[in-house]
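Good morning, and thank you for coming.

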Amino acid sequence: MFSDNANRFISAYNLIDQSLRSQYDLSKSISYTEAIRKSARMNALVKKYEDKLIDYGRLRNAIVHSFNEDLVIAEPHLEVVEEYEQIAKTICTPPLAIDTVINRDVKTITHDTLLCDVMEKIYKTGNSNFPVYKEGMLIGVANSRKLVKEIGKKIYEKKDLDEYVNSTCIEDAINEFGQDPYYTLVNKEVTLDKILNYFSENRKLSLIVITETGSLLEQPIGVVAIGDIMDVNKKLDNYKTN
């Protein structure tokens, strides 16, 4: 019989292996290591633990393939078992963003707010992103970096900067941002691993807006900014499940 530590370790291995194969429709014929490698390309959380997961897979093979009742050449320490179980639970049942890192105190602005007022609001609050709504619909995000770029463009073009910021509404300003997907909209079921995926897949992403069902016609119940990535990783490292 396997020891308690070995049984727990193998259970964690099986949980990860089965979950990833099911989630990403991976063939049963590929190895655990290959399943981890493939999943890491699609899942930022697996990527985060990729090397450790592969090392633990090798340990699992040593336990299973070499074990007999008279000789045990690989026995996982309790600390290793607990860490593997923690990683398994984090990957297979990641926490919701809405329960952890999101900023629930979301300030929005209307489409007809003047650019000078938006820039003043950014300065006073220290907030770099404000979702912009028109007749109850999200039409964009007033992003400080993009607004500074637009203002710089006007200076370069020798435009009257005072007239520009005092006569331009935020809707017109964000229409000049171009097609870069610098924000995205998701529903309240988004998990922290998905948050990592969004930022990993789109390096230009500045803000994730969370609404009840992910509809443009809903007010935000929270946001996650690129600056929150460190907190996301901390929450995942310290995440405990029941």
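I begin with a definition: a crossing of two helices is left-handed if the near helix is turned anticlockwise from the far one by less than a right angle, and right-handed if clockwise. By that rule, the crossing of H10 and H11 is left-handed. The names follow the DSSP runs, numbered from the N terminus, where a helix (H or I) has at least four residues and a strand (E) at least two.

Two remarks on the source are needed. This is a predicted model, in which local features need pLDDT of at least 70 and side-chain atom pairs count only at pLDDT 80 or more, while totals for chains, interfaces and linings use all residues. Residues are numbered from 1 along each chain as its sequence is written, and side-chain values use heavy atoms, with hydrogens and water left out.

Let us stay with that pair of helices. Helix H10 covers residues 192–201 and helix H11 residues 229–237; their axes lie 10 Å apart, at an angle of about 145°. Axes here are lines fitted to C-alpha atoms, for helices over the stretch in contact, and angles run from 0 to 180 degrees between N-to-C directions. Contact means heavy atoms within 4.5 Å. On the H10 side we find Leu192, Ile195, Leu196 and Phe199, which meet Ile229, Val232, Asn233, Lys235 and Leu236 of H11. This contact of H10 with H11 has seven nonpolar residues, one polar and one charged. In this classification Ala, Val, Leu, Ile, Met, Phe, Trp, Tyr, Cys and Pro count as nonpolar, Asp, Glu, Lys and Arg as charged, and the others, Gly among them, as polar.

I turn to a second pair. How do the axes of helix H1 and helix H5 cross? Helix H1 (residues 4–23) and helix H5 (residues 78–92) have axes that come within 9 Å and cross at roughly 20°. H1 and H5 are therefore roughly parallel to each other; angles under 35 degrees count as roughly parallel, over 145 as roughly antiparallel, 65 to 115 as roughly perpendicular and the rest as oblique. Among the residues that make the contact are Arg8, Phe9 and Ala12 of H1, and Val80, Val81 and Glu85 of H5. The crossing of H1 and H5 is left-handed.

Glutamate 85 belongs to H5, and a polar contact of 2.7 Å joins its side chain to that of arginine 8. A polar contact is a pair of N or O atoms within 3.5 Å; within protein, one must be able to donate a hydrogen and the other to accept it, and residues adjacent in sequence count only if both atoms are side-chain atoms.

Beyond four places in sequence, the contacts of phenylalanine 9 include Tyr56, Leu59 and Val80. Valine 80, at 21%, counts as partly exposed.

Finally, two loop residues. Aspartate 25 lies between H1 and helix H2 (32–40), has phi near 50°, and is exposed at 69%. Glutamate 135 lies between strand S2 (129–134) and strand S3 (137–143), with phi near 50° and a relative accessible area of 79%, which is exposed.

Notes:
Buried means under 20% relative accessible area, exposed over 50%, partly exposed in between (1.4 Å probe, protein chains only).
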